[in-house]
Amino acid sequence: MDFNNIKLNLLNKSLDGLWLRQQTTMDNIANFSTPGYKSKYVDFESQLKNKINNIKGKYKDSDANEEIKSSNIIVEENDNLTMRLDGNNVDLEKENLQLAKTQIQYMYTITEMNSYFRKLKSVISEGKK
């Protein structure tokens, strides 16, 4: 049984990125009143997209899986200008929307992963008959 396939690794890396994004967004919300706090954001989609574009037709599956696993999840500080006098640049409305979006993406990704394993279980069950 091969648990080291491209789809499963993409889903796994996405879950890692979404989890970190949710934690980072909640940190931003928690620091809304902290003077001088600069919001942070998480980027993993651009890394995965670049890896996928590089993988297409160039790698065997095992090498492609290693490329996906090695993609970075980047947390960066938002250095945009703030309109607040205390130097804090957290936009509470934007952060709450980001949190909701991330939670929906996380639930969808979990659903996709569950679907993958249900199909795998079905194949195994049918093979025993």
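Helix 1 gives the most to the lining of the largest pocket, with four residues. The model is predicted, so local features need pLDDT of at least 70 and side-chain atom pairs count only at pLDDT 80 or more, while totals for chains, interfaces and linings use all residues. Residues are numbered from 1 along each chain as its sequence is written, and side-chain values use heavy atoms, with hydrogens and water left out.

A pocket is an open set of points on a 1 Å grid over the protein atoms alone, where a 1.4 Å probe fits, with protein on both sides within 12 Å along at least five of seven lines; lining residues have an atom within 4 Å of a point. The largest pocket holds about 150 Å³ of space, the volume being the space filled by probe spheres set on the points, which are joined across faces, edges and corners. At least two lining residues come from each of helix 1 (6–30), strand 1 (40–43) and helix 4 (92–127). The lining consists of R21, T24, T25, N28, K40, Y41, V42, N78, K94, E95 and Q98. By class, two of these are nonpolar, five polar and four charged. Here Ala, Val, Leu, Ile, Met, Phe, Trp, Tyr, Cys and Pro count as nonpolar, Asp, Glu, Lys and Arg as charged, and the others, Gly among them, as polar.

The protein chain has four helices and two strands, in the order α-β-α-α-β-α along the sequence. Helices (H or I, at least four residues) and strands (E, at least two) are DSSP runs, numbered from the N terminus. The radius of gyration of the protein chain is 19 Å, well over the 14 Å that the globule rule gives for 129 residues, so the chain is more spread out than a compact globule. This radius is taken over C-alpha atoms, and the rule is 2.2 Å times the number of residues to the power 0.38. Along the principal axes, the C-alpha atoms fill a box of roughly 70 × 30 × 15 Å.

Of the 129 residues, 29% are buried (under 20% relative accessible area; exposed is over 50%, and partly exposed in between, with a 1.4 Å probe and protein chains only). T102, in helix 4, counts as buried because its relative accessibility is 0%. Leaving out residues up to four places away in sequence, T102 touches L18, R21 and Q22, a contact being heavy atoms within 4.5 Å. N80 lies in the loop between strand 2 (74–77) and helix 4, and counts as partly exposed at 37% relative accessibility.
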